[in-house]
Structure formats: structure tokens, C-alpha cells
Amino acid sequence: MAARNFFANLESEVDPGQIEGLDHSYLFEIAAEGRWLVEVHDGGVAVTENPTGGADVTFRMSAETFDRLLAGKQNPMVAYMTGKLKVDGDLSAARELQKLF
């Protein structure tokens, strides 16, 4: 499960300088893999698997799309426009996500 490994290591791999000033929560729903809440506050990241609450932005996609996005083989905007990536919530917060990855 690539998604599980990615989210398990995210907290320790993020450069705090890159996310300074970012204050949002992101829910990732990866089909057949799981749900992860990524909360970014004060230059830190907290990841919760199978959260009960919502987020500023929710991303829904297949495991294949998630893997392709991480590998840089899928353009996020093209994935969104072709329906491979569904985004609900604060779109300006969604655009800021590129600071995290």
C-alpha cells in the first residue's frame, strides 16, 4: 500500500520552511487503501489515519491516480479536469498543497 507508506512518513519528511504560514487540513480518500487527514499548522504536519472529522479540502482518487501523482507521472490539474481527482472544499487551500509535496 503505497498510500499508507507515504502518509506514515509524511510528518518526518516535510521541510518546515516550505510550509511556514500554511494553516489548513486536507483529507485524502484513496479508493481501496484508506483515508488520511493531514493537518498543517505552525510549520508542522500531523497525519491521522481513518479520521472521524472533516477537513478544509477533501481529495478523492483511485490508488493508481495517487501513485501516478506522487511519481510525477500525472499532472494534478489534468487529473482534476478528467475526473480522476475529485476535490471538495476550499480550492484556494487545495492550490497551496503544492508547498507540502
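Trainee: Where is the place of Asp 42, and what is its phi?

Mentor: Asp 42 belongs to the loop between E2 and E3 of this model, which is a predicted one. Its phi is near 50 degrees, a positive value in a residue other than glycine, and with a relative accessible area of 81% Asp 42 is exposed.

Trainee: What is the phi of Ala 32, and is that residue buried or exposed?

Mentor: For Ala 32, phi is near 65 degrees, again a positive value in a residue other than glycine. This residue is placed in the loop between E1 and E2, and Ala 32 is exposed, its relative accessible area being 80%.

Trainee: How should I read the packing of H1 and H2, and at what angle do their axes cross?

Mentor: Two packed helices are described by the angle between their axes and by the distance between those axes. Here the axes of H1 (residues 2-13) and H2 come within 10 Å and cross at roughly 50 degrees; H1 and H2 are therefore oblique to each other. In the contact itself, Ala 2, Ala 3, Phe 6 and Phe 7 of H1 meet Phe 66, Asp 67 and Leu 70 of H2. By class, the residues of this contact are six nonpolar, no polar and one charged.

Trainee: Which residues of H2 are buried, and what covers them?

Mentor: An α-helix has 3.6 residues a turn, so residues three or four places apart point the same way. In H2 the buried residues are Ala 63, Thr 65 and Phe 66. They span an arc of only 160 degrees around the axis, which means that they are on the same side of H2, whereas Glu 64 and Ala 71, on the other side of H2, are exposed. The cover over the buried residues includes H1, strand E1 (24-30), strand E4 (57-61) and helix H3 (76-81). Thr 65 is buried at a relative accessible area of 7%, and, leaving aside residues up to four places away in sequence, Thr 65 touches Ala 79 and Lys 84.

Trainee: How many residues does the largest nonpolar core have?

Mentor: In soluble globular proteins, nonpolar side chains tend to be buried together. The largest nonpolar core in this model has 26 residues, and those with the most contacts inside it are Phe 7, Tyr 26, Phe 28, Val 38 and Phe 59. Among the elements that each supply at least two residues of this core are H1, H2, strand E5 (85-89) and helix H4 (91-96), and H1 gives the largest share, four residues.

Technical notes:
Residues numbered from 1 in each chain as written. Predicted model: local features only at pLDDT ≥ 70, side-chain atom pairs only at ≥ 80, totals over all residues. Heavy atoms only, no water. Buried < 20%, exposed > 50% of the residue type's maximum accessible area, 1.4 Å probe, protein only. Contact = heavy atoms within 4.5 Å. Axes fitted to C-alpha atoms, helices over the stretch in contact; angles between N-to-C directions. Parallel < 35°, antiparallel > 145°, perpendicular 65-115°, else oblique. Nonpolar A, V, L, I, M, F, W, Y, C, P; charged D, E, K, R; others polar. Arc of directions from axis to C-beta. Core = buried A, V, L, I, M, F, W, Y, C linked by side-chain atoms within 4.5 Å.
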